[in-house]
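Work through the exercises below with the model open. Each task is followed by its solution.

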Amino acid sequence: MTSAEPTPEIWTKADLHKHYEQILMAGLSADQLALFRQRGHFGDDVILQSSSGSSGQPPLLLPRGREDVLDIVTRMTQAHREKLGTTPRRLALLGGISHAEGALKLRIANTEARAFELSDVEELIAFEPDFLSCYPSIARVLVARHAHAFAHLQTIKLGGERVLPSDIDTIFAAWPDIL
């Protein structure tokens, strides 16, 4: 991205791939960038978010600062806190490297956060989450095969894929009191 090149108003994934190195250099301190180049990670204060790779291009690793991630989690759990008067007790993040990285580094008062893959469904059920964040395609599988097993689930947050009206109908049919 040169000064002669206009900055896109809306960034596409192609723009991110084209300008990835410049974006990293603009958003990271010199120490963080050096640590990443040397060790392949950004340290404890940066959480990696990953694009899915669904476009056929390699996934991008996008660094997010701890404050940014805490802001996302605060907004993500806002309805839960407002309706139920408390933070989630057990927050399950299902699918994606950003979820795994976030669960390892994320610390929220009175909340235990863990990341799972769909193949870990028995561990997920044993965890007894009251808040679940996942892709709609994963929610479809959980509702179809395991809806009865989530007795403590109070809130579900869907993202990363298109949410279909049938997804909402199916979730509320399985879990009528869910947020």
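**Exercise 1. Give the strand order of the open sheet and find its edges.**

Solution. Four strands make up the open sheet, in the order 4-3-5-6, with parallel pairing. Strands here are DSSP runs of E with at least two residues, and helices are runs of H or I with at least four, numbered from the N terminus. Two strands pair if DSSP finds at least two bridges between them. Strand 4 (112–116) and strand 6 are the edges; each has a single partner strand, so one side of each lacks a neighbour in the sheet. On average, neighbouring strands are turned by 15° against each other, direction ignored.

The model is predicted: local features need pLDDT of at least 70, side-chain atom pairs need 80 or more, and totals for chains, interfaces and linings use all residues. Numbering starts from 1 along each chain as its sequence is written, and side-chain values use heavy atoms, without hydrogens and water.

**Exercise 2. Trace how strand 5 meets strand 6.**

Solution. Take strand 5 (residues 131–134) and strand 6 (residues 155–158). They run parallel, joined by four bridges. F131 lies opposite T155.

**Exercise 3. Is T155 buried or exposed?**

Solution. Apply the cut-offs: buried is under 20% relative accessible area, exposed over 50%, partly exposed in between (1.4 Å probe, protein chains only). T155 has 5% relative accessibility, so T155 is buried. Next, list contacts (heavy atoms within 4.5 Å). Beyond four places in sequence, T155 touches residues including H80, L84, D130 and I178.

Technical notes
Axes fitted to C-alpha atoms, helices over the stretch in contact; angles between N-to-C directions.
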